[in-house]
Amino acid sequence: MNLKLLLTIPALFSECILESDMSDFFHFPKKKINGTEYWEILDRDKLSEKKGVRVVLGDDFEYQIAVFLVNGKTYAVSNICPHRHQEKIFEGFIRENDKVMCPLHGWTYFLATGENTNPNQGVGSIQTFNLIELEGKIYLEKPEIKIPKWRNI
Ligand code: FES
């Protein structure tokens, strides 16, 4: 059990809130572009076609993303598969150039939207994130990570 969850337990009966506190994120070099904050998370040359890279953004288990390069376009999705809450999406297989399949049990998500390709499989989607490329670096738009509701109980 992580520290954040442990610290939350005494407050369970009062607030039932698990906030994504920005202080829990690691420091990344920041850039403002048109008023939006971006974090420099990766060198572009660390990406290979159809291979995922995990980027850990902070201390909380949820604060990790999987970055993919597919046909020269970059995508970022949550690295946590909602099926069994496993941090495995970065090891997923790219399907038909627009989906990633979790390597554990095959749940598959659209890279652009995070939507589950099978609407009958539990959670409908994983979170997606905005990236831009600039001067050989990959920048992530300042994220607002969604914490699963079940962690509040
Ligand atoms: S943990 Fe991803 S499909 Fe089961």
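**Exercise 1. Determine where N34 lies and whether N34 is buried or exposed.**

Solution. N34 lies in the loop between β1 (30-33) and β2 (36-43). Strands here are DSSP runs of E with at least two residues, helices are runs of H or I with at least four residues, and both are numbered from the N terminus. The model is predicted: local features need pLDDT of at least 70, side-chain atom pairs count only at pLDDT 80 or more, and totals for chains, interfaces and linings use all residues. Residues are numbered from 1 along each chain as its sequence is written.

Next, the backbone: N34 is not a glycine, yet its phi is positive, at about 50°. For burial, the C-beta atoms are placed from the backbone; a residue is buried if 20 or more other C-beta atoms lie within 10 Å of its own, exposed if 12 or fewer, and partly exposed in between. N34 counts as exposed because it has 4 C-beta neighbours inside 10 Å.

**Exercise 2. Carry out the corresponding analysis for E96.**

Solution. E96 is found in the loop that joins β8 (93-95) and β9 (99-101). Its phi is near 50°, a positive value in a residue other than glycine. E96 counts as exposed because 10 C-beta neighbours lie inside 10 Å.

**Exercise 3. State the strand order of the open sheet that contains β1 and identify its edge strands.**

Solution. The order of this four-stranded open sheet is β1-β2-β13-β12, with antiparallel pairing; two strands pair if DSSP finds at least two bridges between them. β1 and β12 (131-134) stand at the edges, each with a single partner strand, so one side of each lacks a neighbour in the sheet. On average, neighbouring strands of this sheet are turned by 40° against each other, direction ignored; the axes are lines fitted to C-alpha atoms.

At the β12 end, β12 pairs with β13 (residues 137-141) in the antiparallel sense over four bridges. E133 has I138 in β13 as its bridge partner.

**Exercise 4. Describe the open sheet that contains β3 in the same terms.**

Solution. Four strands form this open sheet in the order β3-β4-β5-β11, and their pairing is antiparallel. Its edge strands, β3 (53-56) and β11 (128-129), each pair on one side only. Four bridges join β3 to β4 (residues 64-70) in the antiparallel sense, and the bridge partner of V56 in β4 is Q64.

**Exercise 5. Summarise the chain as a whole.**

Solution. Of the 153 residues in the chain, 26% are buried.

How values were computed
Axes are lines fitted to C-alpha atoms, for helices over the stretch in contact, and angles run from 0 to 180 degrees between N-to-C directions.
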